[in-house]
Amino acid sequence: MEDSIGKVVIPGDILQNLDEKKGKIKVTVGPGLIRDGSHIAVTKSGILRHREPSVFWVDCHQKRYVPARGDNVIGIVTAKQGDVFKVDIGSSEPASLSFMAFEAATKRNRPNLNVGDCVNAKLLVANKDCEPELVCIDSYGRSSGLGILPNEGFLLQCSIGLVRQLLRNKFNVLTFLGKAIQYEVAIGMNGRIWLHCHTVRETIAISNAICRSELMSDEEVQIMSKKVVDSLQGFE
Amino acid sequence: MKDHPLSNCEEKFVLAAIAENRRFDGRGVYIYRPIVILYGHDRGCCHVQIGCTRVLAQVSCEVIIPKQTRPNEGVLHMNVELSPMACPSFEAGKQSDYGVEVNRALERLLRDSLCIDLESLCIMSGEKVWQIRVDVHVLNHDGNLIDCSSIAAIAALSHFRRPDVTVSGEEVTIHPLDEKDAVPLSVNHIPLSVTFAFFDQGRTLLVDPTDQEERVMDGKMVVGINKHRELCMLHVSGKMLVLQDQVVRCVNIAAARVGEITDLIKDTLEKDNAARKSGKEFGFAKCLADVILGVDDLLKHYVDSMSVDTTSVGQTAKTVVDADGNRVQMEVDNAETGNVSIKVPGTGKMSTNTEGGAVTWCEGEESDSDVILLDKNDSTSSEVSSKQVSAVVELSDSEEESVLMTSQDLERTELSKSRAIETRENRGGRCRGKSFGGRNRGKRGRGNGQRYF
Amino acid sequence: MAGVEVVSEQGFRTDGRKPNELRRIRCKQGVFSHADGSAYIEQGNTKVLATVYGPHEIRGSRSKALHDRAYVNCQFSMATFSTGERKQRPRGDRKSTEMTMHMKQTFEATILTQLYPRSQIDIFVEVLQADGGNFAACVNAATLALIDAGIPLKDYVCACTVGFVDDVTIVDINHLEETNHIAEFTVAMLPKSEQFVMLEMSSRLHLDHLSKVMDMATKACKDVHLVLDRAVRDHVSEVWQQLGNT
């Protein structure tokens, strides 16, 4: 198994025969891998990743989001039903968000959320058997960056892979662009990115740059960001 | 199924951008996205792409009894299918309101404007006439379906050939294609539609709206016009009120645009005819390989052909089973360099063999193990292992062309993501606990472009 | 039917009208007791009935409810005896669905729907005799019915058909003229502000003649407006007199 880390694996590949290993080893398998009898088999095509001490998963390219607990997502409110908001996060079911799950919310003090607004929320409950639940506070009751996103931004839809890439890498298109342009960004694990800049032109430029950077290497991203920044500032 | 909902901030932003005359792909307000017209192998099959909107049209003909009120005229039947493949909000089966709108617009544009001479379709008055049927299927919906369908339909009608007929007294003979050459339809004029999206109570107009722009528009106007400045169809939809001078302005802009598109259709028709005559290849497989969609110049990025290292792969596949079932020792040739070419972000080519359909896999062969990418450096210099098949095996599944493999063909496996994958795989070290693939702290705040996540 | 002259040399059409003459319009409001609003209109030989119900609770699926405005539901139906040959399907075929959509769009733009969120307004139209200009007559009938029901509108919606043949613009096309494949414009507009709510055109028309045709359409709609306005005022004053108020 160790020799395939960082390499492309495809469904059906068998990674490790558990019986062979002597002694007790606790191996954690993540998305894309499944325990099939006595071995670990790959179910999605992508690159095998590893984290110490023994966590393995497959990074794959996907457009549709499958909710996972603890993920930070951006949802769009579709309905108000009594005490609960129905929020679309791009998964198979709309998620529910209680009005009490906001910072400083009480029965009398309700959040000012309308149909069509965007929220930055965290998935509290996300398993395959029931509808996902969102919250906009952390376990201490503070909002820590979650909550209603103001109406002045732009919501971008992209693939899950791109979002993971942006979150994983320290230097990516956002940092390169950020050296010259001021902007505010919220990244949701469900493939949605909320972006806000001073002008419409900058927002359009940055959103296009983010989408295109998915298949580019670092140097290419740098070259492209430089081009974008130059044209925004008027040189070209 | 529902498409994802439109959020308030998206709507507000798109309207603000349009108020400044800015479009997301950087187009001017009266400019079309790049239009690509491809013809298939069969006569009357046409595939049109406007940006990402894709539509396929097919023309077929049949002999029927004419209508009693019009015994001398043939029949032109149009049908547009909006399948859920194109957009999740389209329903299979029953036609939605939008489907009816597109169908009627196209019927009025082509049938009521008499673009095909129906009297020439008559074989025997009152008894036999040709029925020409145009079926348009929408493959991908990214806005502006009516324009795309109209281009596809009229191009397919101009491309189509019907069998020749001879009438001698009471006898009617329809000649099959190998006896007599098929006859083209008599197209009187080429009517095309131009769609305008209205915003801000008609103060701003856009030509060729994308799906995003269509969702936030007030209403739209579809103008059907031909090159000779004859108006063939006008259709206003949406909850908006228009003034007479707005209508006249739109119609004039449409007249200017239509000339270019008509020329494009004529050009592509000529090229296809020339290719058929001279015996060169034609059909979708050939054309699609040559198409590169227009991409914004600023972000256009042509990647040089890159080689991929698969040396470790070559070593595992040492023997190959040939057509006779004998195991043959193979020589892995590492001298060849492979080509990974990325045409456009998000697409890759599976085979450099441009004759689409020629599969170079041997039956019963051990599958090539994964293409493994080594590299610790960004600059790559590696090779693709190539397999040489010792025997010629015919796999003829395809209706179009017979699929042949020869020992001369080399297999190149390319992954569209190989470049991206290769530079990412070494950075995947730091990840947090249970969430696979990235940090998930929901911090957001102002900053000088700091990445908050 | 080629060979039938639409406009004769003396300038008269097949039914004896001049090119810019409308057919005789006769209309009546309040014909049905059950509906909230109803009207009957005769434009020449085209006879149309319209009824309006609403604003009432959303029927059928709750999902149709719009949170900020009323939902307008239209139904356009042609009686089986309305055309020369018996019509097999009174509604549900493509042309009728298109007419229904156009009506819905026309009235959604004219009715002040923001005043009645989460409710539904129904407009039912039945063509009893179709002799050309069916859609225009339906729109006119529906306008009268809406006014009868007391639903607030931005303005009257007046509709008319205009044709162009042999360099002559003709107004209010009848069935015989329609079958001759002439360039035909159907317009619905708000007469006071001269804004078009709906515009449809078929067959071929050279661009140079477009402004002429549209001017004629505007004038025709204004003429229709005068007739409808007269009819509404008469009806209202009659009702008030009967109720004992002057």
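User: What counts as a polar contact, and how many residue pairs in polar contact does the rule find across the interface of chain C and chain B?

Analyst: A polar contact is a pair of N or O atoms within 3.5 Å; within protein, one must be able to donate a hydrogen and the other to accept it. The model is predicted, and both residues of a pair must be at pLDDT 80 or more. Across the interface of chain C and chain B, the number of such residue pairs is 16.

User: Which element gives the most to the side of chain C that touches chain B?

Analyst: The elements of chain C that give two or more residues to this side are α1, β8, β9, β10 and α4. With nine residues, the one that gives the most is α1(C).

User: How far apart are the closest N and O atoms of Arg108(B) and Glu98(C)?

Analyst: The rule finds six salt bridges across the interface of chain C and chain B. Arg108(B) forms a salt bridge with Glu98(C), and their closest N and O atoms lie apart by 2.8 Å.

User: What is the area buried between chain C and chain B?

Analyst: In this interface, 34 residues of chain C are in contact with 39 residues of chain B. Arg94(C), Arg204(C) and Leu207(C) supply 23% of the area that chain C buries against chain B. Carbon and sulfur atoms give 56% of the area buried between the two chains, which is about 3,300 Å².

User: Which residue in β9(C) is the bridge partner of Leu234(B)?

Analyst: Strand β14 of chain B and β9(C) run antiparallel and are joined by two bridges. In β9(C), the partner of Leu234(B) is Met201(C).

Notes. Residues are numbered from 1 along each chain as its sequence is written. Chains are lettered from A and ligands numbered from 1 in the order in which they are written. This is a predicted model: local features need pLDDT of at least 70, side-chain atom pairs count only at pLDDT 80 or more; totals for chains, interfaces and linings use all residues. Side-chain values use heavy atoms; hydrogens and water are left out. Contact means heavy atoms within 4.5 Å. Buried area is the accessible area (1.4 Å probe) that two parts lose on being put together, summed over both. A salt bridge is a side-chain nitrogen of Lys or Arg within 4 Å of a carboxyl oxygen of Asp or Glu. A polar contact is a pair of N or O atoms within 3.5 Å; within protein, one must be able to donate a hydrogen and the other to accept it, and residues adjacent in sequence count only if both atoms are side-chain atoms. Helices (H or I, at least four residues) and strands (E, at least two) are DSSP runs, numbered from the N terminus. Two strands pair if DSSP finds at least two bridges between them.
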